[in-house]
Amino acid sequence: MNSLSIQLYTVRDHLTADAGETLERLAGIGFTQVEPFGLVDFADQLAEPMARLGLSAPTAHVKLAGADLDAVFSAARRLGVGTVVDPMIDPARWSSRDGVEGVARELREASARAADQGLRVGYHNHAFELENRIAGVPALEVFAEAAGDAVDLEVDTYWAEVGGESAPDLLRRLGERVVAIHVKDGPKTKENTDQVAVGSGSMPIAEILAAAPQALPVVELDDFAGEIFDAVVASHAHLAGTPQGA
(Lines give C-alpha, C1' and ligand atoms only; values in the text may rest on other atoms or scores of the structure.)
Protein backbone atom coordinates (compact mmCIF):
# COMPACT_ATOMS: atom_id res chain seq x y z
CA MET A 1 0.00 0.00 0.00
CA ASN A 2 1.69 3.17 -1.20
CA SER A 3 -0.69 5.71 0.29
CA LEU A 4 -0.61 5.45 4.07
CA SER A 5 -0.58 8.00 6.88
CA ILE A 6 -0.42 7.96 10.67
CA GLN A 7 -2.30 10.09 13.17
CA LEU A 8 0.40 11.66 15.33
CA TYR A 9 -1.81 11.42 18.42
CA THR A 10 -0.75 7.76 18.40
CA VAL A 11 2.79 8.80 19.41
CA ARG A 12 1.82 11.92 21.33
CA ASP A 13 4.11 11.33 24.32
CA HIS A 14 7.14 10.85 22.08
CA LEU A 15 6.10 13.81 19.94
CA THR A 16 5.86 16.12 22.93
CA ALA A 17 9.28 15.00 24.17
CA ASP A 18 11.06 15.35 20.81
CA ALA A 19 9.07 16.03 17.64
CA GLY A 20 12.05 15.73 15.32
CA GLU A 21 13.22 12.38 16.63
CA THR A 22 9.66 11.02 16.60
CA LEU A 23 9.11 11.98 12.97
CA GLU A 24 12.48 10.47 12.08
CA ARG A 25 11.38 7.17 13.64
CA LEU A 26 8.11 7.25 11.69
CA ALA A 27 9.93 8.00 8.44
CA GLY A 28 12.33 5.16 9.21
CA ILE A 29 9.39 2.78 9.54
CA GLY A 30 8.26 3.80 6.09
CA PHE A 31 5.63 6.49 6.62
CA THR A 32 5.73 9.33 4.12
CA GLN A 33 2.54 11.00 5.35
CA VAL A 34 1.38 12.07 8.80
CA GLU A 35 -1.79 13.50 10.28
CA PRO A 36 -1.01 16.18 12.87
CA PHE A 37 -3.35 16.83 15.77
CA GLY A 38 -3.70 20.10 17.67
CA LEU A 39 -2.52 21.68 14.44
CA VAL A 40 -2.18 25.25 15.68
CA ASP A 41 -0.27 24.22 18.79
CA PHE A 42 2.13 21.83 17.05
CA ALA A 43 2.81 23.59 13.74
CA ASP A 44 6.01 25.25 14.98
CA GLN A 45 7.45 21.93 16.20
CA LEU A 46 6.51 20.01 13.06
CA ALA A 47 7.40 22.39 10.24
CA GLU A 48 11.18 21.91 10.10
CA PRO A 49 11.41 18.13 10.61
CA MET A 50 8.53 17.46 8.21
CA ALA A 51 10.24 19.48 5.50
CA ARG A 52 13.63 17.90 6.22
CA LEU A 53 12.24 14.36 6.11
CA GLY A 54 9.96 14.92 3.12
CA LEU A 55 6.81 14.13 5.13
CA SER A 56 3.48 15.48 3.89
CA ALA A 57 0.24 16.05 5.79
CA PRO A 58 -2.79 15.66 3.52
CA THR A 59 -5.06 15.88 6.58
CA ALA A 60 -4.77 17.35 10.07
CA HIS A 61 -6.94 17.45 13.17
CA VAL A 62 -7.81 20.81 14.64
CA LYS A 63 -10.80 22.30 16.40
CA LEU A 64 -12.94 24.19 13.90
CA ALA A 65 -16.27 24.80 15.65
CA GLY A 66 -15.90 28.09 17.51
CA ALA A 67 -12.18 28.33 16.76
CA ASP A 68 -9.95 31.11 15.42
CA LEU A 69 -10.13 30.00 11.80
CA ASP A 70 -7.50 32.45 10.62
CA ALA A 71 -4.97 30.77 12.94
CA VAL A 72 -6.13 27.32 11.78
CA PHE A 73 -5.77 28.15 8.11
CA SER A 74 -2.38 29.82 8.63
CA ALA A 75 -1.03 26.68 10.37
CA ALA A 76 -2.52 24.45 7.66
CA ARG A 77 -0.86 26.42 4.88
CA ARG A 78 2.45 26.34 6.71
CA LEU A 79 2.46 22.54 6.83
CA GLY A 80 0.89 22.02 3.42
CA VAL A 81 -2.29 20.48 4.82
CA GLY A 82 -5.10 19.99 2.32
CA THR A 83 -8.03 19.12 4.62
CA VAL A 84 -8.48 20.37 8.19
CA VAL A 85 -10.63 17.95 10.18
CA ASP A 86 -12.56 18.75 13.35
CA PRO A 87 -11.84 15.71 15.54
CA MET A 88 -14.94 15.89 17.74
CA ILE A 89 -17.88 18.20 18.36
CA ASP A 90 -19.88 18.12 21.62
CA PRO A 91 -21.82 14.82 21.79
CA ALA A 92 -24.91 16.66 23.08
CA ARG A 93 -25.28 18.31 19.68
CA TRP A 94 -25.69 14.93 17.98
CA SER A 95 -28.82 13.83 19.83
CA SER A 96 -31.40 15.75 17.78
CA ARG A 97 -31.94 16.73 14.16
CA ASP A 98 -31.71 20.42 15.05
CA GLY A 99 -28.40 19.80 16.79
CA VAL A 100 -26.92 17.81 13.92
CA GLU A 101 -28.08 20.31 11.33
CA GLY A 102 -26.54 23.08 13.45
CA VAL A 103 -23.19 21.27 13.36
CA ALA A 104 -23.50 20.86 9.61
CA ARG A 105 -24.28 24.54 9.17
CA GLU A 106 -21.30 25.60 11.26
CA LEU A 107 -18.88 23.41 9.32
CA ARG A 108 -20.34 24.54 6.00
CA GLU A 109 -19.60 28.12 7.04
CA ALA A 110 -16.04 27.11 7.98
CA SER A 111 -15.75 25.34 4.64
CA ALA A 112 -16.68 28.49 2.73
CA ARG A 113 -13.90 30.39 4.49
CA ALA A 114 -11.45 27.51 3.99
CA ALA A 115 -12.13 27.45 0.26
CA ASP A 116 -10.81 31.01 0.00
CA GLN A 117 -7.51 29.64 1.34
CA GLY A 118 -7.46 26.65 -1.00
CA LEU A 119 -8.37 24.30 1.86
CA ARG A 120 -11.07 21.74 2.61
CA VAL A 121 -12.92 21.11 5.88
CA GLY A 122 -13.82 17.71 7.29
CA TYR A 123 -15.25 15.94 10.32
CA HIS A 124 -14.03 12.85 12.20
CA ASN A 125 -16.43 10.64 14.15
CA HIS A 126 -16.33 8.80 17.43
CA ALA A 127 -18.89 6.22 18.54
CA PHE A 128 -21.70 8.56 19.62
CA GLU A 129 -22.41 9.87 16.11
CA LEU A 130 -23.36 6.30 15.18
CA GLU A 131 -25.03 5.32 18.47
CA ASN A 132 -27.32 8.35 18.28
CA ARG A 133 -30.09 7.82 15.75
CA ILE A 134 -32.51 10.28 14.26
CA ALA A 135 -35.64 8.64 12.85
CA GLY A 136 -33.65 5.41 12.79
CA VAL A 137 -30.69 6.86 10.86
CA PRO A 138 -27.24 7.22 12.45
CA ALA A 139 -26.60 10.87 13.28
CA LEU A 140 -23.40 10.84 11.23
CA GLU A 141 -25.37 10.05 8.08
CA VAL A 142 -27.91 12.77 8.88
CA PHE A 143 -24.95 15.13 9.23
CA ALA A 144 -23.47 13.99 5.92
CA GLU A 145 -26.71 14.75 4.11
CA ALA A 146 -27.13 18.13 5.81
CA ALA A 147 -23.52 19.20 5.26
CA GLY A 148 -23.47 18.25 1.60
CA ASP A 149 -20.35 18.17 -0.53
CA ALA A 150 -18.88 21.19 1.25
CA VAL A 151 -17.67 19.05 4.15
CA ASP A 152 -15.47 15.98 3.80
CA LEU A 153 -15.69 12.94 6.07
CA GLU A 154 -12.92 11.11 7.85
CA VAL A 155 -14.50 7.92 9.14
CA ASP A 156 -12.96 6.35 12.21
CA THR A 157 -13.80 2.78 11.34
CA TYR A 158 -13.09 1.42 14.81
CA TRP A 159 -15.44 3.83 16.55
CA ALA A 160 -18.04 3.22 13.87
CA GLU A 161 -18.07 -0.47 14.80
CA VAL A 162 -18.07 0.34 18.52
CA GLY A 163 -21.07 2.56 17.77
CA GLY A 164 -22.95 -0.40 16.33
CA GLU A 165 -22.41 0.01 12.59
CA SER A 166 -20.61 -2.23 10.13
CA ALA A 167 -17.71 -0.03 9.04
CA PRO A 168 -17.57 -1.45 5.49
CA ASP A 169 -21.32 -0.95 5.02
CA LEU A 170 -21.13 2.59 6.40
CA LEU A 171 -18.26 3.45 4.07
CA ARG A 172 -20.14 2.14 1.08
CA ARG A 173 -23.20 4.21 2.00
CA LEU A 174 -21.17 7.40 2.47
CA GLY A 175 -19.25 6.80 -0.75
CA GLU A 176 -16.94 9.42 -2.23
CA ARG A 177 -17.59 11.84 0.62
CA VAL A 178 -15.07 9.83 2.67
CA VAL A 179 -11.61 11.24 1.97
CA ALA A 180 -9.77 9.46 4.80
CA ILE A 181 -10.33 6.61 7.22
CA HIS A 182 -8.82 5.86 10.59
CA VAL A 183 -7.61 2.28 10.54
CA LYS A 184 -7.26 0.74 13.96
CA ASP A 185 -7.82 -2.64 15.52
CA GLY A 186 -8.91 -4.31 18.75
CA PRO A 187 -11.89 -5.99 20.37
CA LYS A 188 -14.32 -3.10 19.64
CA THR A 189 -14.60 -1.86 23.21
CA LYS A 190 -14.59 1.69 24.55
CA GLU A 191 -11.42 1.00 26.54
CA ASN A 192 -8.63 2.65 24.58
CA THR A 193 -5.88 0.45 25.99
CA ASP A 194 -7.64 -2.58 24.50
CA GLN A 195 -6.57 -1.41 21.04
CA VAL A 196 -3.87 -3.43 19.28
CA ALA A 197 -1.71 -3.28 16.17
CA VAL A 198 -3.65 -3.27 12.91
CA GLY A 199 -4.12 -6.86 11.78
CA SER A 200 -4.06 -8.43 15.24
CA GLY A 201 -7.59 -7.62 16.41
CA SER A 202 -11.14 -8.37 15.32
CA MET A 203 -11.71 -5.51 12.86
CA PRO A 204 -12.45 -6.47 9.21
CA ILE A 205 -9.45 -4.53 7.91
CA ALA A 206 -9.40 -5.92 4.35
CA GLU A 207 -13.13 -5.28 3.90
CA ILE A 208 -12.76 -1.74 5.26
CA LEU A 209 -9.98 -0.89 2.83
CA ALA A 210 -11.90 -2.40 -0.07
CA ALA A 211 -15.04 -0.42 0.82
CA ALA A 212 -13.29 2.96 0.51
CA PRO A 213 -10.52 2.66 -2.09
CA GLN A 214 -10.55 6.42 -2.66
CA ALA A 215 -9.86 7.22 1.01
CA LEU A 216 -6.46 7.80 2.62
CA PRO A 217 -5.85 5.12 5.28
CA VAL A 218 -4.57 6.68 8.51
CA VAL A 219 -3.14 4.38 11.18
CA GLU A 220 -4.19 5.30 14.71
CA LEU A 221 -4.13 3.86 18.19
CA ASP A 222 -5.86 5.96 20.82
CA ASP A 223 -3.79 4.06 23.38
CA PHE A 224 -1.92 0.78 23.75
CA ALA A 225 -0.97 -1.41 26.68
CA GLY A 226 2.58 -2.04 25.42
CA GLU A 227 5.33 -0.06 23.69
CA ILE A 228 3.49 2.10 21.17
CA PHE A 229 6.16 1.95 18.47
CA ASP A 230 5.93 -1.85 18.46
CA ALA A 231 2.27 -1.48 17.48
CA VAL A 232 3.08 1.22 14.93
CA VAL A 233 5.72 -0.96 13.22
CA ALA A 234 3.37 -3.96 13.14
CA SER A 235 0.50 -1.84 11.81
CA HIS A 236 2.62 -0.42 9.02
CA ALA A 237 3.95 -3.86 8.09
CA HIS A 238 0.44 -5.31 7.94
CA LEU A 239 -0.98 -2.51 5.82
CA ALA A 240 2.04 -2.24 3.57
CA GLY A 241 1.83 -5.97 2.90
CA THR A 242 5.44 -6.62 3.84
CA PRO A 243 6.65 -9.21 6.36
CA GLN A 244 7.25 -7.73 9.79
CA GLY A 245 10.95 -7.15 10.35
CA ALA A 246 11.75 -7.04 6.64
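Modeller: The buried residues of helix H11 (residues 228-240) pack against strands E1 (5-7), E9 (178-183) and E10 (216-219), and against helices H1 (12-17), H2 (19-29) and H10 (205-211); contact here means heavy atoms within 4.5 Å. Helices (H or I, at least four residues) and strands (E, at least two) are DSSP runs, numbered from the N terminus. The model is predicted, so local features need pLDDT of at least 70 and side-chain atom pairs count only at pLDDT 80 or more, while totals for chains, interfaces and linings use all residues. Residues are numbered from 1 along each chain as its sequence is written, and side-chain values use heavy atoms, with hydrogens and water left out.

The residues of H11 that are buried (under 20% relative accessible area, with exposed over 50% and partly exposed in between; 1.4 Å probe, protein chains only) are Ile-228, Phe-229, Ala-231, Val-232, Ala-234, Ser-235, His-236, Ala-237 and Leu-239. An α-helix has 3.6 residues a turn, so residues three or four places apart point the same way.

In length, H11 has 13 residues and reaches 18 Å from its first C-alpha to its last, close to the 18 Å expected at 1.5 Å a residue; the expected span is 1.5 Å times one less than the number of residues.

Both ends of the helix can also be described. After H11 comes Gly-241, which has a positive phi near 75 degrees.
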